[in-house]
Amino acid sequence: MKRAVYPGSFDPVTYGHLDVIRRASEIFDVLVISVLNNKTKTPLFSVEERVKILKEATKDIPNIQVDSFSGLLIHYAAENHIHVAVRGLRAITDFEYELQIAQTNRKLSDGRLDTMFLTTSLEYAYLSSSSVKEIASFGGDISQCVPDFVAELIYEKYRVGARE
């Protein structure tokens with residue numbers, strides 16, 4: 001059985017993330033979406049909230065598992081018998097950053113963790129979780145960026161509604 005992990009902060013999950021998730025789920029028997037508990041950042045949503053959101057957003061995809069982890073991806077992957085990490089790329093700047101991480105993970109895992117890159121569909125290439133949060137914090141419309149239930153949760157965090 002081919003298993004892969006799609007690690008990330010997913011704060012919040014966007015249509016770009018969901019595009020990569022759907023496409024990767026067609027390639028692997030099991031795709032584990034794992035939320036990184038990054039102690040150096042202050043996220044909008046807790047790890048538990050992000051896991052719950054991802055479970056809801058992917059409930060129609062049968063071969064998805066949602067989990068969380070702290071520490072190094074190589075340790076998480078080894079503990080879970082996963083040999084492929086999936087990463088999405090929006091632009092060349094993403095590639096430079098992601099390539100360095102992929103090479104480091106491969107080296108530190110003694111070649112046991114490979115990375116597969118999926119380019120984001122063009123319709124989502126502009127999307128980032130950071131931009132979604134910024135737009136929402138000013139009451140902007142994020143309906144084209146995230147599922148409706150996610151938008152409601154984001155607005156609730158900022159205590160604002162989308163401007164008409």
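1. Basis. The model is predicted; local features need pLDDT of at least 70, side-chain atom pairs count only at pLDDT 80 or more, and totals for chains, interfaces and linings use all residues. Residues are numbered from 1 along each chain as its sequence is written, and side-chain values use heavy atoms, with hydrogens and water left out.

2. Largest nonpolar core. A nonpolar core is a set of buried Ala, Val, Leu, Ile, Met, Phe, Trp, Tyr and Cys residues joined through side-chain atoms within 4.5 Å, where buried means under 20% relative accessible area with a 1.4 Å probe, protein chains only. The largest has 35 residues, of which I21, L31, L54, V86, I142, V146 and I154 touch the most other members. Two or more residues come from each of β1 (3–8), α1 (15–25), β2 (30–36), α2 (47–57), β3, α5 (129–137) and α6 (148–158); helices (H or I, at least four residues) and strands (E, at least two) are DSSP runs, numbered from the N terminus. Helix α2 gives the largest share, 5 residues.

3. Not counting residues up to four places away in sequence, L54 touches F10, V13, I21, I33, V35 and V66, contact meaning heavy atoms within 4.5 Å. Another core, of 11 residues, lies apart from the largest one and includes V5, A77, I82 and A85.

4. I64. This residue belongs to strand β3 (residues 64–69) and is buried, at a relative accessible area of 13%. Beyond its neighbours within four places in sequence, I64 contacts I21, S25, L31, I33 and T58.

5. Helix α4. Just after α4, D110 has a positive phi of about 55°.

6. Largest pocket. On a 1 Å grid over the protein atoms alone, a pocket is an open set of points where a 1.4 Å probe fits, with protein on both sides within 12 Å along at least five of seven lines; lining residues have an atom within 4 Å of a point. The volume of the largest is about 1200 Å³, as the space filled by probe spheres set on the points. Among its 42 lining residues, G8, S9, R87, Y97 and E98 are closest to the centre. Helix α4 supplies the largest share of the lining, 9 residues.

Methods: Buried means under 20% relative accessible area, exposed over 50%, partly exposed in between (1.4 Å probe, protein chains only).
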